[in-house]
Amino acid sequence: MSLKEIITIPNSVLASQAELITNIDDRLVRLAIDMAETMYKAPGIGLAANQVGELIQLIVLDVVYPYTDISEKKKQPVVLINPEITLCEGETEGEEGCLSVPDFAVDVKRSARIQVKATNLDGDPVTIEADGLLARALQHEIDHLRGVTILEHATPLRRNMYTRKAVKKVRRNG
Ligand code: ZN
């Protein structure tokens, strides 16, 4: 197990479409475990493979762990391969942040209830019906796989200001 470096704006991998996964091998399983540990360490409630520099359709989430009583904490990450939103219903707005967009938050409109079909690490098909925070986190992570971050949900002015600052920071740090 090893922690991954979380890639931040303006790295182009965050703006790129992730490829479908066709083969579940040891490397993929290890990557999923590493991504989950990286997510817990950050801490965050979800992570997409783009965010650790892998352009493949893999996401990990755990919206329960951060809100669990300390004595009952148990890591049970949800790992989804090739997730696809197959139904959505209603609309809800809420503030989101992102590990790849540090020091930034924006109100994002999402579907209130969704159904997601995916494959798990055993290669079995899974269907998830979600609302609340899980629905929001799933939509956020699936956005990443399409090369979309929460910056796209900000006004062009805020987005440009943030990106300009991030580019400057990269230059300064070499
Ligand atoms: Zn994110």
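So, is Ile 114 buried or exposed? It's buried, with a relative accessible area of 3%; buried here means under 20%, exposed over 50%, partly exposed in between, with a 1.4 Å probe and protein chains only.

Quick housekeeping. This is a predicted model, where local features need pLDDT of at least 70 and side-chain atom pairs count only at pLDDT 80 or more, while totals for chains, interfaces and linings use all residues. Residues are numbered from 1 along each chain as its sequence is written, and side-chain values use heavy atoms, with hydrogens and water left out.

Okay, back to Ile 114, which sits in strand E6, residues 113-119. Strands and helices are DSSP runs numbered from the N terminus: E with at least two residues, H or I with at least four. Leaving out residues up to four places away in sequence, Ile 114 touches Ile 85, Leu 87, Cys 88 and Ile 128, among others; contact means heavy atoms within 4.5 Å.

Now zoom out to the sheet. E6 belongs to an open, five-stranded one, ordered E1-E2-E3-E6-E7 with antiparallel pairing. The edges are E1 (46-48) and E7 (125-131), each pairing on one side only. Pairing takes at least two DSSP bridges between two strands; E6 and E7 have seven, in the antiparallel sense. Lys 117, for instance, has Thr 127 in E7 as its bridge partner.

Helix H1, residues 26-41, lies across E1, E2 and E3, at about 40 degrees to E2. For that angle, axes are lines fitted to C-alpha atoms, for helices over the stretch in contact, and angles run from 0 to 180 degrees between N-to-C directions.

H1 also carries Tyr 40, while Tyr 65 is in the loop between E2 and E3.

Last stop, the zinc ion. Its protein donors are Cys 98 (SG), His 140 (NE2) and His 144 (NE2), at 2.0 to 2.2 Å. Donors are N, O and S atoms within 2.8 Å of the metal (3.2 Å for Na, K and Ca), and water is not among the atoms, so sites may look incomplete. Cys 98 is buried at 10% relative accessibility, and His 140 is buried at 8%.
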